[in-house]
Amino acid sequence: MFIRMFGRPPKLGDFRRIYLFDYKFRESKSLDDILERLKGKFLFLKVKDFEAVIKDARDRGFVPREFKDAAIMRSMTVEPPMIYFVLLQRDDTGGRIMLLETKSSWYTHEKILLSMRAYCKSAGIRCWYVGLGRTV
C-alpha cells in the first residue's frame with residue numbers, strides 16, 4: 001500500500017500537514033476498545049510501517065518519547081488516502097493523536113478540526129487540538 005503511494009515506507013516529510021491532538025479515554029478504556037468501536041469504518045495498518053514517521057515525530061517533540069501502545073488507521077472509503085491517524089497511548093488515561101494529512105488531500109484546516117469531533121466521539125475518547133507539527 002505505501003510502496004504504491006510513496007514508493008517506500010512513509011516519512012514525516014511526505015505529509016502536507018501534521019495535526020496534533022491529545023486525548024483521554026472515555027467510553028473506550030484502551031486502544032483495543034477504540035479499534036473495536038472503529039472496526040468497519042477504518043483500515044487498521046501496521047505500526048512497523050510507520051516507524052520512521054514515529055521516530056521523526058519523536059525527535060521533533062510532536063509525540064511522547066515513551067508510549068505504551070500504538071495504533072495506525074485510515075478511512076476505508078477514501079482512495080487515495082488523504083488522512084492517516086497515528087494514536088499513541090501514553091498511559092492509562094490517554095495519549096496523543098498525530099493526524100497526517102497527505103499531499104493529495106483537499107480538506108481545509110477547519111474541515112479537519114470539525115471532523116475530529118465525530119472521529120473522537122465514534123472512538124469513545126475526548127480529544128482536543130494541540131497544534132500543527134512543522135516538517136521543515
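First, the ground rules. The model is predicted, so local features need pLDDT of at least 70 and side-chain atom pairs count only at pLDDT 80 or more, while totals for chains, interfaces and linings use all residues. Residues are numbered from 1 along each chain as its sequence is written, and side-chain values use heavy atoms, leaving out hydrogens and water.

Start with α2, residues 31-38. Helices here are DSSP runs of H or I, at least four residues; strands are runs of E, at least two; both are numbered from the N terminus. Which residues of α2 are buried? Leu31, Ile34 and Leu38. Buried means under 20% relative accessible area, exposed over 50%, partly exposed in between, with a 1.4 Å probe and protein chains only. Why one side? These residues cover an arc of only 55° around the axis, which puts them on the same side of α2. That arc is taken from the directions from the helix axis to the C-beta atoms. The face turned away carries exposed Asp32 and Glu36.

What covers the buried residues? Strands β1, β2, β3, β4 and β6 are among the elements that do, and so is helix α4. Just after α2, Gly40 has a positive phi of about 95°.

Now the cores. A nonpolar core is a set of buried Ala, Val, Leu, Ile, Met, Phe, Trp, Tyr and Cys residues joined through side-chain atoms within 4.5 Å. The largest has 23 residues, and Phe85, Ile97 and Tyr119 have the most contacts inside it. Helix α4 gives the most to this core, five residues. A second, separate core has 18 residues, including Leu45 and Ile54.

Definitions and conventions: Contact = heavy atoms within 4.5 Å.
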